Amino acid sequence: MSNLTATYDETTYFVDSYNSLTINISGANIIRCPNYDDCIFSDGDLKLSGNGMLTVTAKDNDDCGLYANNYKTSVSTDPSNLAALGYTVTRSACVDGPDSNGDEIPDYYTWTYTVTPNP
């Protein structure tokens with residue numbers, strides 16, 4: 001994934017894998033899935049490698065925009081679980097979107113994952 005900007009308005013994941021998945025991140029990437037709980041789904045483990053940022057926007061804040069066997073609320077949403085061998089992954093604090101209907105629940109949430117090679 002290199003300098004991708006995508007908005008997926010469907011009520012499903014932008015990336016949906018029934019196997020383990022490794023995504024190589026390069027540059028600044030933005031995936032918005034404002035109508036679904038998570039942007040990337042992996043039935044197996046999800047690993048991130050490369051040198052860049054992945055910003056995800058999702059409707060729900062439970063799994064921080066990503067859902068995988070090794071990264072979900074019931075297991076752990078520690079971003080170090082996403083790091084491929086030889087890489088470090090950090091995650092920004094959640095940024096709440098607007099509350100357009102006045103129910104005190106944000107319309108969506110955003111996180112930025114930063115991937116760097118280990119020295």
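1. A word on the basis. This is a predicted model, in which local features need pLDDT of at least 70 and side-chain atom pairs count only at pLDDT 80 or more, while totals for chains, interfaces and linings use all residues. Residues are numbered from 1 along each chain as its sequence is written, and side-chain values use heavy atoms, with hydrogens and water left out.

2. The cysteines. Searching the whole structure gives 0 disulfides, a disulfide being a pair of cysteine sulfur atoms within 2.5 Å. Cysteine 33 is in none, and the nearest cysteine sulfur to it, that of cysteine 39, lies 3.2 Å away. Seen from cysteine 39, the closest cysteine sulfur is the one in cysteine 33, too far for a bond at 3.2 Å. Cysteine 33 is buried at 0% relative accessibility, and cysteine 39 is likewise buried at 0%. Here buried means under 20% relative accessible area, exposed over 50%, and partly exposed in between (1.4 Å probe, protein chains only).

3. The open sheet. It has 3 strands in the order β2-β4-β6, paired in parallel. At its edges stand β2 and β6 (66-68), each with a single partner strand, so one side of each has no neighbour in the sheet. On average, neighbouring strands here are turned by 5 degrees against each other, direction ignored. For reference, axes are lines fitted to C-alpha atoms, for helices over the stretch in contact, and angles run from 0 to 180 degrees between N-to-C directions. Strands (E, at least two residues) are DSSP runs numbered from the N terminus, and two of them pair if DSSP finds at least two bridges between them.

4. Serine 17. You will find this residue in strand β2 (residues 15-17). Parallel strands β2 and β4 (residues 40-42) are joined by 3 bridges, and serine 42 is the bridge partner of serine 17 in β4. Serine 17 is buried, with a relative accessible area of 12%. Its side chain reaches the backbone oxygen of asparagine 19 at 3.0 Å. Leaving out residues up to four places away in sequence, serine 17 touches Phe41, Ser42 and Asp43; contact means heavy atoms within 4.5 Å.

5. Strand β5. Between β3 and β5 there are 13 bridges, in the parallel sense, and glycine 27 has glycine 52 as its bridge partner in β5. Strand β5 also runs antiparallel to β9, with 7 bridges; leucine 54 stands opposite tyrosine 113 in β9. Of the 13 residues of β5, 10 are buried, so this strand is largely enclosed by the rest of the structure.

6. The nonpolar core. Which residues have the most contacts inside the largest nonpolar core? They are Ile40, Leu46, Leu48, Leu66, Leu82 and Tyr113, in a core of 24 residues. β3 (21-33), β5 (46-58), β6 and β9 (109-117) each supply at least two of the core residues. A nonpolar core is a set of buried Ala, Val, Leu, Ile, Met, Phe, Trp, Tyr and Cys residues joined through side-chain atoms within 4.5 Å. Not counting residues up to four places away in sequence, the neighbours that leucine 46 touches include Leu21, Ile23, Ile40, Leu66 and Leu82.

7. Serine 92. This residue sits in the loop between β7 (87-91) and β8 (95-96). Serine 92 is partly exposed, at 29% relative accessibility. Residues up to four places away in sequence aside, serine 92 touches Trp111 and Thr112.

Notes: Helices (H or I, at least four residues) and strands (E, at least two) are DSSP runs, numbered from the N terminus. A polar contact is a pair of N or O atoms within 3.5 Å; within protein, one must be able to donate a hydrogen and the other to accept it, and residues adjacent in sequence count only if both atoms are side-chain atoms.
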